[in-house]
Amino acid sequence: ADIPVIPDLEEVQEEDLAMQVAAPPSVQVNRVLTYHDLDEDLMKFDAFQTVDGEVDLKLLTKVLAPEHELREDDVSWDWDHLFTEVSSELVTEWDLGQSERED
């Protein structure tokens, strides 16, 4: 009853297509905007200065800090050093609070 069957060539080709992955689409990117470009666009175009045509962002954009003021150097944290530093600051604050209560 169970006679082995040799598969047809068409069935084997269909299985091969099922295992193939399509190539991703190629998208041509000319250039990525920098923060400086985005900041200039924000100031130039009125469309960026309101949200939903109702909320005025002009006051906000005038007081935003420039990017160079916000940049900070990366500092690695060491748990033992950080714990010791925070602990000593808390003890110092606690001692100052105790001395103020005694006065």
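Modeller: A residue is called buried when its relative accessible area is under 20%, and exposed when it is over 50%. In this predicted model, buried residues account for 3% of the 103 residues in the chain.

Colleague: Which elements does the chain have, and in what order do they run from the N terminus?

Modeller: There are five helices and two strands. Read from the N terminus, their order is α-α-β-β-α-α-α.

Colleague: What confidence does the predictor assign to the chain and to its elements?

Modeller: Confidence is read from pLDDT, on a scale from 0 to 100. The average for the chain is 79, and 79% of the residues score at least 70. Among the elements, H1 has the lowest mean pLDDT, 63, whereas helix H5 (residues 79-102) has the highest, 90.

Colleague: Which residues make the nonpolar surface patch?

Modeller: Val27, Val29 and Val32 form this patch of about 340 Å². Val32 belongs to the loop that lies between helix H1 (9-19) and helix H2 (35-44). Val32 counts as exposed because its relative accessibility is 66%, and the cut-off for that class is over 50%.

Colleague: Where does His36 lie, and is His36 buried or exposed?

Modeller: His36 is part of helix H2. With a relative accessibility of 52%, His36 is classed as exposed. A C-alpha separation of 8.4 Å is found between His36 and Glu67, although 31 residues set them apart along the chain.

Terms used:
Residues are numbered from 1 along each chain as its sequence is written. This is a predicted model: local features need pLDDT of at least 70, side-chain atom pairs count only at pLDDT 80 or more; totals for chains, interfaces and linings use all residues. Side-chain values use heavy atoms; hydrogens and water are left out. Patches are made of residues with over 30% relative accessible area and no salt bridge: like charges are joined within 9 Å, nonpolar side chains (Val, Leu, Ile, Met, Phe, Trp, Tyr) within 5 Å. Accessible areas come from the Shrake-Rupley method with a 1.4 Å probe; for residues, only the protein chains shown count as cover. A salt bridge is a side-chain nitrogen of Lys or Arg within 4 Å of a carboxyl oxygen of Asp or Glu. Helices (H or I, at least four residues) and strands (E, at least two) are DSSP runs, numbered from the N terminus. Buried means under 20% relative accessible area, exposed over 50%, partly exposed in between (1.4 Å probe, protein chains only).
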